[in-house]
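Reader: I want to learn how to read single features in a structure file. Can we work through some cases together?

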Amino acid sequence: MSEATTSQEGKTYPPDSELSKTANVRPEMLEQDLQEFWSEQAKDKISWFEPFDTVLDWNLPYAKWFVGGKLNACYNCVDRHVENGKGDKVALHVVPDDGPDSSEARDITFSQLQEQVVKFANGLKKLGVGKGVPVGIYMQMIPEAVVAMLACARLGAPHTVVFGGFSGKAVAERCNDLECKVLITQDESMRGGKAGAQKTNADEGLDAGPTTVEKVVVVKRSGADIPMGDRDVYLDDLTSDVSGDASDCPCEPMESEDLLFLLYTSGSTGKPKGVVHTTGGYLVGTATTHNLVFDVKDDSVYWCAADIGWITGHSYIVYGPLANGCTSVLFEGVPGYPDKDVWWRTIDKYGVTILYTSPTAIKSHMKAGEQHIEGHDLSSIKILGSVGEPINPDVWEWYREHVGGGKAPIMDTWWQTETGHILITPLPGITTMKPGMAQQPFPGVRPEIRDDEGNQLGVEQTGNLVLTQPWPGMMRTLYNDDQRFKDTYWSKYSDAYFAGDGAKYDADGDIQLMGRIDDVVNVSGHRLSTFEVESALVEHADVAEAAVAARKDDDTGQAIVAFVSLKGDKEGTEELEQALREQVAQSIGKLARPATVIFASDLPKTRSGKIMRRLLKNLAEGEELGDTSTLVDPTVVEEMQKQMNS
């Protein structure tokens, strides 16, 4: 066990000497040349139908990785493990909504996974799905969601997964943007003991306007009696007469730069951005980071407690772990249901060795109390991970002490939907850990912290995090919006990727992330655009104008505060506040509902008519307002402040 020491910055935890001896990551990797490192990893971690001849073709801001290589993501995640004699190894421990002791809990081996994927793929082929035919997926955390992604990858059909908590409108928008011909969903969702109208939500979105979706494949989760129309087909019926033999549906050879999936992420303005991820670089990046950051061994049992609707689920539930032939936990439910010890029972039952989750989830367990851990054996835990938002040092310490037995190192990871995989993180057996800090770049990654003029900043100076050289899993562009790709990520600095996050160095040169610096709110690790929430609010007939800011929240990291001015003589009431929150839930999803709604006669504006968002942020955080002299009507801010304080 490594003992904590104290530096000027606070506690530090040196690497465990035993872990250092066996760690997958080697110190010399940190010194390798960019192309040398990634070439070595690509050959070691991935099976290629045809070898690549060029590691990197870089023409800023456009990267092509492993050019000339041909591969298939599904083959790497499933078939090759079966061919290598690991067919009987458990791929997924499936934990349903009511916990690991449920009669519905089951294991899926790699051989069983292969059969399910092949049958699903053969079913999709009956609907005309093949290479280059886009498919939408709108599902919760059930195994068929993973199978659907892999079936698409097997056929060379690009997929876009829409978070199961989003509205039908969000589903339709994303499917139409990618021109999906097929949508895969489920009859109902099961979350926290409650059934959700998944298929009905999808129908409402698709029926609201023109849609490219011609067929909807429905997975039976609850078995509820739901409306089924001419475009709908149950998965069971679609696959009742198809083969599950891999030889009857071989994996489609894909060029390294062929599209694997789109994932939509919130932007500070405009519609959600369709982030383009291609096959070769993304798969190499996710498999490599999963293996080295979490020190994955043949007998590892890995649990990423995220959702496949987000990039964390894509990279570290599906593609990374399965490419590494790793046994994973697939958890359908929510923390605290059916009881507050469900996570700890899950770890105990399956002997989980690696847990990767968000600070928000950890805080919910802290609030519940460590007494719920007592009586459960968590000694199997060897590595812990954190993702989605910066983790507070006190939360970090609780996580290590009570979940990690006071010894497990914590991989506090920084990355984004756009980056595809982890870029800044401690490394097991190498890094002296500092609570609440991502610390060091992954091998082959080159970050800098700069001011707005492009100057590199020194110790304890907060600035803009940028990346100065390419990495394999990086987004290739924004779908059908190349100019926005360049404007958003590559225009602030001519020579670097601008991440949109603030960061600073400590005295040792370690990096601490400070959160978003643009108009994106991070609620429970989920990025939401203030523009999207504002647009949803003004859809209400009584709303004249709306602006959104974030405030710190102990449970969710950030919470949304909405400032709303109403039309005519309309008055802000509790009933209207609830109606507006529901309006946002219907338009975007429940997770986007404002925690607080402040009504005012107007929004704080400069004489040029621009909303002074700095003041709204200060109001939301309860900070000093500063100079309000440039406002047309300073009394508006006083009116809002009274409501915030009441």
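Predicted model: local features only at pLDDT ≥ 70, side-chain atom pairs only at ≥ 80, totals over all residues.

Reader: Start with packed helices. Which values describe two packed helices?

Author: Two are used: the angle between the axes and the distance between the axes. Here, take helix α3 (residues 73–83) and helix α5 (residues 143–155). Their axes come within 7 Å and cross at roughly 120°. The crossing of α3 past α5 is left-handed.

Reader: Which residues of α3 and α5 make the contact?

Author: From α3, they are A73, C74, C77, V78 and D79. From α5, they are L150, A153 and R154. By class, that contact holds 6 nonpolar residues, 2 charged and no polar.

Reader: Which record feature covers residues 32–77?

Author: UniProt, in an unreviewed entry, places "domain: Acetyl-coenzyme A synthetase N-terminal" there. Over residues 32–77 the chain is 37% helix and 30% strand. The end C-alpha atoms of that stretch are 27 Å apart.

Reader: Where is P390, and how accessible is it?

Author: P390 sits in the loop between β21 (383–386) and α13 (393–403). Its relative accessibility is 39%, so P390 counts as partly exposed. P390 touches P359, L513, M514 and G515, with residues up to four places away in sequence not counted. Its C-alpha is 12 Å from that of M411, a residue 21 places away along the chain.

Reader: Which residues of α16 are buried, and what do they pack against?

Author: The buried ones are L576, L580, V584, A585 and S587. They pack against two helices, α6 (168–178) and α15 (530–538). They also pack against strands β29 (543–553), β30 (557–566) and β31 (596–600).

Reader: Why does S587 count as buried?

Author: S587 has a relative accessible area of 12%, so it is buried. S587 touches S167, K169, A170, A536 and E539, not counting residues up to four places away in sequence. S587 and E539 are 48 residues apart in sequence, yet 9.1 Å apart C-alpha to C-alpha.

Reader: Now the backbone. Where do cis peptide bonds occur?

Author: Look at omega. L60 and P61 are joined by a cis bond, with omega about 5°. P61 lies in the loop between β3 (54–59) and β4 (62–67). The bond from Y337 to P338 is cis too, with omega near 5°. P338 is in the loop between β19 (327–331) and α11 (342–350).

Reader: And what is the phi of E179 and of D295?

Author: Both are positive, and neither residue is a glycine: about 60° for E179, about 50° for D295. E179 is in the loop between α6 and β10 (182–186). D295 is in the loop between α9 (279–293) and β18 (301–304). At 45% relative accessibility, E179 is partly exposed. D295, at 7%, is buried.

Terms used. Residues numbered from 1 in each chain as written. Heavy atoms only, no water. Buried < 20%, exposed > 50% of the residue type's maximum accessible area, 1.4 Å probe, protein only. Helix = DSSP H or I, 4+ residues; strand = E, 2+ residues; numbered from the N terminus. Contact = heavy atoms within 4.5 Å. UniProt positions renumbered as here; feature names shortened; annotations may be inferred. Axes fitted to C-alpha atoms, helices over the stretch in contact; angles between N-to-C directions. Left-handed = near helix turned anticlockwise from the far one by under 90°. Nonpolar A, V, L, I, M, F, W, Y, C, P; charged D, E, K, R; others polar.
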